[in-house]
Structures are given as C-alpha cells and as structure tokens.
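Visitor: I have a structure open and would like to go through it with you. Can we start with the open spaces?

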Amino acid sequence: MSKIIELIKKIPKAELHLHIEGTLEPDLLFKLAKRNDIRIPFANVNEVKSAYNFSNLESFLNIFYQGSKVLITEQDFFDLAWAYTLKCKEDNVVHAEIFFDPQTHVNRGINFDVVINGIYKALLKANKEFGLTSKIIMCFLRHLDEASAFEILDQALVHKDKIVGVGLDSSEIGHPPRKFERVFNKAIAKGFLTVAHAGEEGPSKYIWEALDLLKVKRIDHGVQCFHDEKLVVKLRNDQIPLTVCPLSNVKLCVFEKLEDHNLKRLLDKGLMVIVNSDDPAYFGGYLNRNMIDCQKALNLSMEDVKKLTVNSFKSSFLNIDKKKKWIDQINNLS
Ligand code: ADE
Ligand code: ZN
C-alpha cells in the first residue's frame, strides 16, 4: 500500500455530512423489509444495486425515500445507526455529525421518539464501546412547506438534549433557503445550530441565502459557489466550511467524473473544504473510499489529506479542547 493511502486510512477523521437513512445497505434493506413484512420492488441485492443509477438528485431521492419505508421500529433505527458506527470504526472516523430526516418517518406514522431514540442509543453504545463521538442534526425536507417544518421543530424540542442543530435537505432547485427563514429563526432562538444543503445542484444565490437568512455555520455541498467570484471570496475570507461529498456529486451527475471535481481547486484557493460521504450505501463508498478515490483522481498530496482532515475537526461542533486534541494528533503524524 502506498504511503498516502496508508495515511488516509490511519488518520483520525470527522464526518460532517452523512444522512443516516443513506447508510441503509441493501442487505439491511432486505432484512428489515422481511422483519416488518414490507414489500420492496426488488428481488435481490443485485437488483437493488443496479437500480442505483441516478441522473440527478431527484432521481436518487425517489429511491432513497422508498428505501426508508422499511424503517419502522426503534430497533430498526438502532440497527441502521449501529451499522454506520461500525463503518466509522473501520475507517478511523472518530467523530460523526449525523443528519436524520424526521418528516420522512413521522409523515408515514412513525413516532419521532422511535426514530431519535433508536439512533441515539446506537451512538451511545458506539461511544461506550469504541469511543466514537457524535452529534445529531435534524433536517427539514425542503420539498415540503414551512408549516410542516414548524410542526417537526415543535416535536424536536423535547429531544433538544439529543439534537445539536437543524439542517435543510431534499430537492434543492425550486426550494430556496428563503422559504425556511422563519423556521430557522425559531430554531436559532431555541438554541439549535444551523446548517443547510445549498449549491449542490442549485445556484450560488441559494448559498448566499443560506448564509444571510438561515445564519448557517456550514454549507452542505456548496460546490456551485465556483460560478460566483464574490461568493468564493466571502467563503474564503470567513472560512465558511463546505461539506463536500465527491462520490455523491459524481453519482448525481453534478460532475461527470471525479477528475472534474472542484474539491482540489477549492482547497487550493484556501476555502474550508471537507470530504464527506453523504449517502454511502447509495453512492459507492464511505469516507475512506471518498478520500482514496479523490486522492487518485485529483492527485491530492499528503499535505492536502492532512488539511482536509484538520478542516473536518475545525468545522465540527466539538468543543475547542476536543478539536485541539485531534488536530494536534494529525499534525504529529509522520
Ligand atoms: N437527502 C439525502 N441525500 C441528499 C442530498 N445529497 N441532497 C439533498 N438531500 C439529500
Ligand atoms: Zn446530503
């Protein structure tokens, strides 16, 4: 194994853009469908995998929301999140900030408590057993209206101790951040941190809105910023984190191939970029696979790899001491 691949594998990493529903691997999908007696439109794992050919975000989301329907009980959510924590252990991800989409579940009759408790208990177990630290971020579905987001925010308030922030995901184009300005203001007033998907497929204007109106601490994706020089300058000057998801971007045809991805160009311009896996069960790989494939396609150096992982801790919602502990460890690696 080359030295740089070794480095990618062993370096401690934080993952900041990961949808827990997007870690539903085909074998768990089948297991849960059977356990809950739910029909899925696939005969076997191979059929599932060949359905994972997407032309854009919308074509992915259709399959993604279908898959989520096998999640019914607290045990299901526990099993899903536990399986992801084992991937973290394998990849040396030592800290994970995890999205979940409560409206996807509550709107089909699953209690909010069932969802959050299953995820939370798995994360607690992973912390006890192998020291993984984590935070949970609840995303509003932007294709639904703001009233629905207000309702789910009310339900989240009793779980404030388990949820660090709110985010915004689902179909981007036609659903600008400004649609959610009031509910984000309420979330901020209640003490939640904010993040939002912006500039994945949508225009750079949506990134401005996420910053100015939703007061986000990070932009999820943000790769469309490149079309707006003023925005690039702002992102660099303010060191706004962009949680970039390279394999996701290729699978959803944001870039034709990994070699075309702007990750390295953004990094070289001094932007605060981080590599993440988004929905790894659907996009072909967890965090190490994303980093290794990017290293090869974009010719990332050892220094780039270190920078990306330092950025992941700097941009996390960990406290200063914990950030420093991991960053010092990375800087001491040979
Ligand atoms: N939900 C899950 N994955 C997503 C993505 N890449 N963009 C928007 N919403 C999502
Ligand atoms: Zn995402």
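Guide: First a term: a pocket here is an open set of grid points with protein on both sides within 12 Å along at least five of seven lines. The model is a predicted one. Its largest pocket has a volume of about 250 Å³.

Visitor: Which residues are closest to the centre of that largest pocket?

Guide: Y120, T133, S134, K135 and I136 are the closest to its centre, out of 17 residues that line the largest pocket.

Visitor: What lines the largest cavity?

Guide: There are 15 lining residues, and H19, L57, F60, L61 and H197 lie nearest the centre of the cavity. Helix α4 (residues 57-68) supplies the largest share of the lining, five residues.

Visitor: Now the metal. What coordinates the zinc ion (ligand 2)?

Guide: H17, H19 and H197, each through NE2, and D278 through OD, at 2.0 to 2.2 Å.

Visitor: How are the donors spaced along the chain?

Guide: The pattern is H-x1-H-x177-H-x80-D.

Visitor: Are H17 and H19 buried or exposed?

Guide: Both H17 and H19 are buried.

Visitor: Why is the arrangement around the zinc ion (ligand 2) irregular?

Guide: The four donor atoms subtend angles of 83 to 173°, so the arrangement is irregular. To count as tetrahedral, four donors need all angles between 85 and 135 degrees.

Visitor: What does F100 touch?

Guide: Leaving out residues up to four places away in sequence, F100 touches several residues, including I20, E21, F112, V115, M138, C139 and I163.

Visitor: Last one, T104. Where is it found?

Guide: T104 is in helix α6 (residues 102-106). T104 counts as buried because its relative accessibility is 13%, and the cut-off for buried is under 20%.

Visitor: Which residues is T104 in contact with?

Guide: Beyond neighbours within four places in sequence, T104 is in contact with Y65, S68 and L141.

Methods:
Residues numbered from 1 in each chain as written. Chains lettered and ligands numbered in written order. Predicted model: local features only at pLDDT ≥ 70, side-chain atom pairs only at ≥ 80, totals over all residues. Heavy atoms only, no water. Contact = heavy atoms within 4.5 Å. Donors = N, O, S within 2.8 Å, 3.2 Å for Na, K, Ca; no water. Tetrahedral: all angles 85-135°; square planar, octahedral: opposite > 155°, others 65-115°. Buried < 20%, exposed > 50% of the residue type's maximum accessible area, 1.4 Å probe, protein only. Helix = DSSP H or I, 4+ residues; strand = E, 2+ residues; numbered from the N terminus. 1 Å grid on protein atoms, 1.4 Å probe; cavity = no way out; pocket = protein on both sides within 12 Å on 5 of 7 lines; lining within 4 Å. Points joined across faces, edges and corners; volume = space filled by probe spheres on them.
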